[in-house]
Amino acid sequence: LLRAGGGAELPNLDGSSRVCWYQLLAEAEVTAGRPERARGWADKAQWAAEAMPLPRKRAFAALAWAWATSTCDPAGAAAVAERAARMFGELTDRVLQGRSLLLAGQCRAATGDTEVAKRLLADAERVFTGCGALGFADQASRARRRPGRRVAPQGDVPSRSEERRVGKEC
């Protein structure tokens, strides 16, 4: 992605789509075991969303921040991911709504809030099944059966000051 995009600023990619790529890069860093690098991508996602403040871009920025803080502040990350899920739901983007619910559920499980985690993961599974994203539905189902164990990941965006509070331990 970085090579095709022309570097970290992704100048070769359409400006209106950068925020979704920055979110994906934040997620990739966490998934690859480099959560400290995810904050930089979340910063870029936030900047891109502020440059063109549309609901979809704000939802991607929220999801990027949820990923960036998921390992160091899972409770805060869960709250941000739940907001992203509501935002994507309002936009009728079911796959991203489900992915946000899945992350929120995994983060709630990491905090020990098993009942809320199971509800969020069941919601994610239902959303995925309803839109035909069966691979993601299976992932949510497996996570629901084992809350507290991370399964391979597949409203408003918080203000910068809110983001800093959410990730202050990061």
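Helices (H or I, at least four residues) and strands (E, at least two residues) are DSSP runs, numbered from the N terminus. Threonine 92 is found in the loop between helices H5 and H6, and the protein as a whole has nine helices and zero strands, so that its pattern along the sequence reads α-α-α-α-α-α-α-α-α. This is a predicted model, in which local features need pLDDT of at least 70 and side-chain atom pairs count only at pLDDT 80 or more, while totals for chains, interfaces and linings use all residues. Residues are numbered from 1 along each chain as its sequence is written, and side-chain values use heavy atoms, with hydrogens and water left out.

**Burial**

- Buried residues make up 50% of the 170 residues in the protein, where buried means under 20% relative accessible area, exposed means over 50%, and partly exposed lies in between (1.4 Å probe, protein chains only).

**Two loop residues with positive phi**

- Leucine 10 sits in the loop between helix H1 (2–5) and H2, and its phi is near 55 degrees, a positive value in a residue other than glycine.
- Leucine 10 counts as buried because its relative accessibility is 0%.
- Threonine 92, in the loop between H5 and H6, also has a positive phi, of about 55 degrees, although it is not a glycine.
- Threonine 92 has a relative accessible area of 56%, and therefore it is exposed.

**Packing of neighbouring helices**

- The axes of H2 and helix H3 (residues 35–51) come within 8 Å and cross at roughly 170 degrees, where axes are lines fitted to C-alpha atoms, for helices over the stretch in contact, and angles run from 0 to 180 degrees between N-to-C directions.
- That angle makes H2 roughly antiparallel to H3, since angles under 35 degrees count as roughly parallel, over 145 as roughly antiparallel, 65 to 115 as roughly perpendicular and the rest as oblique.
- The crossing of H2 and H3 is left-handed, a term used if the near helix is turned anticlockwise from the far one by less than a right angle, whereas clockwise gives a right-handed crossing.
- In the contact (heavy atoms within 4.5 Å) between these helices, residues of H2 including Tyr22, Leu25 and Val30 meet residues of H3 including Trp41, Ala45 and Ala48.
- The residues of this contact of H2 with H3 divide into twelve nonpolar, one polar and three charged, where Ala, Val, Leu, Ile, Met, Phe, Trp, Tyr, Cys and Pro count as nonpolar, Asp, Glu, Lys and Arg as charged, and the others, Gly among them, as polar.
- Helix H4 (residues 55–69) and H5 pack at an angle of about 160 degrees, with their axes 8 Å apart, which makes H4 roughly antiparallel to H5.
- The crossing of H4 and H5 is left-handed, and among the residues that meet there are Phe60, Leu63 and Trp65 in H4 and Val80, Met87 and Phe88 in H5.
- By class, the contact of H4 with H5 has 14 nonpolar, one polar and two charged residues.
- The axes of helix H5 (residues 74–90) and helix H6 (residues 94–110) come within 8 Å and cross at roughly 160 degrees, which makes H5 roughly antiparallel to H6.
- The crossing of H5 and H6 is left-handed, and the residues that make the contact include Ala78, Glu82 and Phe88 of H5 and Leu96, Leu103 and Cys107 of H6.
- The residues of the contact of H5 with H6 divide into 15 nonpolar, three polar and three charged.

**Charged residues within the helices**

- Glutamate 27 lies in helix H2 (residues 18–31), and it counts as buried because its relative accessibility is 4%.
- A polar contact of 2.4 Å joins the side chains of glutamate 27 and arginine 99; such a contact is a pair of N or O atoms within 3.5 Å, and within protein one must be able to donate a hydrogen and the other to accept it, while residues adjacent in sequence count only if both atoms are side-chain atoms.
- Lysine 118 is in helix H7, and it is partly exposed because its relative accessible area is 34%.
- The C-alpha atoms of lysine 118 and arginine 144 are separated by 5.3 Å, although the two residues are 26 residues apart along the chain.
- Glutamate 125 is placed in helix H7 (residues 114–131), and it touches Ala137, Ala140, Ser141 and Arg144, not counting residues up to four places away in sequence.
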